[in-house]
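Work through these exercises with the model open beside you. Try each task before you read its solution.

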Amino acid sequence: MGFGDLKTPGGLKVLNDFLADKSYIEGWVPSQADVAVFDAISSAPSTAQCHALRWYNHIKSFQNQKGSLPGVKKPLGQYGPAGVEDKTAADSKDDDDDMDLFGSDEEEDAEAEKLKEERIAAYAAKKSKKPTLIAKSSILLDVKPWDDETDMAKLEECVRSISMDGLLWGQSKLVPVGYGIKKLQIGCVVEDDKVGTDQLEEQITAFEDYVQSMDVAAFNKI
């Protein structure tokens with residue numbers, strides 16, 4: 001195991017080949033293994049050794065922090081590619097590392113999933129506490145009697161007797177329409193998903209002894 005003499009082109013080539021598919025000497029973050037190998041190199045690799053040069057420049061950026069990087073620095077010969085005589089042991093170690101790595105990934109995935117579920121639950125709880133916005137409309141109705149002899153007080157009483165969930169009657173007044181006839185103009189507020197103008201018209205015109213017709217004079221969303 002080892003890179004050989006890293007002050008020679010041969011040693012740097014071994015290092016370059018080793019780093020072709022790796023970011024660090026060991027593991028997935030900068031460590032004391034990278035510091036040990038970096039310190040063994042006398043100068044930056046040439047551009048021909050592109051993988052080694054990439055790694056060298058990256059580890060160089062940690063020089064002010066190298067003492068705090070994780071791991072324990074080992075003899076240089078314990079880093080690098082395994083020789084033929086060490087391949088079985090290295091493969092066994094790699095298998096152990098892989099098992100640890102996958103185990104770590106599974107734990108991280110479980111934690112991430114748990115965190116996601118907690119955030120979704122918190123969002124749902126927060127949303128459930130918000131008051132539901134109810135769509136409402138303000139409606140002004142014109143209710144016309146048959147003639148000038150119609151009892152308008154009784155007509156209004158009939159209209160106001162209509163009760164529905166989502167219906168609130170408002171102010172009213174009598175408005176002259178001609179020939180001594182007055183119509184009842186009455187306002188109401190309705191919840192849009194519960195009360196419609198067709199329902200109001202059907203129930204108001206059902207008082208056929210008093211009501212000739214009903215029209216919507218004004219309709220506004222509120």
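## Exercise 1: A covered strand and its partners

Strand β3 is mostly covered, with eight of its 11 residues buried. The model is predicted.

**Task.** Find which strands pair with β3, and in which sense.

**Solution.** 

Step 1. Start with β1, residues 136–145. Eight bridges join β1 to β3, and the two run antiparallel.

Step 2. Check one position in this pairing. Ser 138 stands opposite Val 189 in β3.

Step 3. Turn to β2, residues 167–178. Nine bridges pair β2 with β3, again in the antiparallel sense. One example is Lys 173, whose bridge partner in β3 is Gln 185.

**Task.** Is Glu 191 buried or exposed? What is Glu 191 in contact with, beyond its neighbours within four places in sequence?

**Solution.** 

Step 1. Locate the residue. Glu 191 lies in β3, which spans residues 181–191.

Step 2. Read its relative accessible area, which is 16%. Buried means under 20%, so Glu 191 is buried.

Step 3. List the contacts. Leaving aside neighbours within four places in sequence, they are Ile 134, Ala 135, Lys 136 and Gly 166.

## Exercise 2: The turn of a hairpin

**Solution.** 

Step 1. Recall the general rule. Most residues other than glycine have a negative phi.

Step 2. The relative accessible area of Tyr 179 is 83%. The cut-off for exposed is over 50%, so Tyr 179 is exposed.

## Exercise 3: One side of a helix

**Task.** Which residues of α3 are buried, and why do they count as being on the same side?

**Solution.** 

Step 1. Pick them out. In α3, residues 50–60, the buried ones are Ala 52, Leu 53, Trp 55, Tyr 56 and Ile 59.

Step 2. Look down the axis. These residues cover an arc of only 165 degrees around it, so they lie on the same side of α3.

Step 3. See what they face. The buried residues of α3 pack against α1 (9–18) and α2 (32–39).

Step 4. Now take Lys 22, in the loop between α1 and α2. Its C-alpha atom is 8.9 Å from that of Trp 55, although the two residues are 33 apart along the chain. Lys 22 is partly exposed, at 30% relative accessibility.

Step 5. Compare Ser 31, which lies in the loop between α1 and α2. Ser 31 is buried, at 10% relative accessibility. Beyond neighbours within four places in sequence, Ser 31 is in contact with Glu 26, Leu 69 and Pro 70.

## Exercise 4: Charged pairs

**Task.** How many salt bridges does a search of the whole structure find? Which parts of the chain does the pair of Lys 73 and Asp 39 tie together?

**Solution.** 

Step 1. Take the total. The search finds 12 salt bridges.

Step 2. Examine Lys 73 and Asp 39. Their side chains meet in a salt bridge of 3.6 Å, N to O. Lys 73 lies in the loop between α3 and α4 (87–129) and Asp 39 in helix α2, so the pair ties together parts 34 residues apart in sequence.

Step 3. In the salt bridge of Arg 160 with Glu 156, the closest N and O atoms are 2.9 Å apart. Both residues lie in α5 (residues 152–160), four residues apart, about one turn of the helix.

Step 4. Lys 221 forms a salt bridge with Asp 192, the closest N and O atoms being 2.6 Å apart. This pair links distant parts of the chain: Lys 221 is in strand β4 (residues 211–221), and Asp 192 is in the loop between β3 and α6 (197–204).

Step 5. Look for a network. Salt bridges that share partners join Asp 39, Lys 66 and Lys 73.

Notes: Residues are numbered from 1 along each chain as its sequence is written. This is a predicted model: local features need pLDDT of at least 70, side-chain atom pairs count only at pLDDT 80 or more; totals for chains, interfaces and linings use all residues. Side-chain values use heavy atoms; hydrogens and water are left out. Buried means under 20% relative accessible area, exposed over 50%, partly exposed in between (1.4 Å probe, protein chains only). The arc is that of the directions from the helix axis to the C-beta atoms. Contact means heavy atoms within 4.5 Å. Two strands pair if DSSP finds at least two bridges between them. A salt bridge is a side-chain nitrogen of Lys or Arg within 4 Å of a carboxyl oxygen of Asp or Glu.
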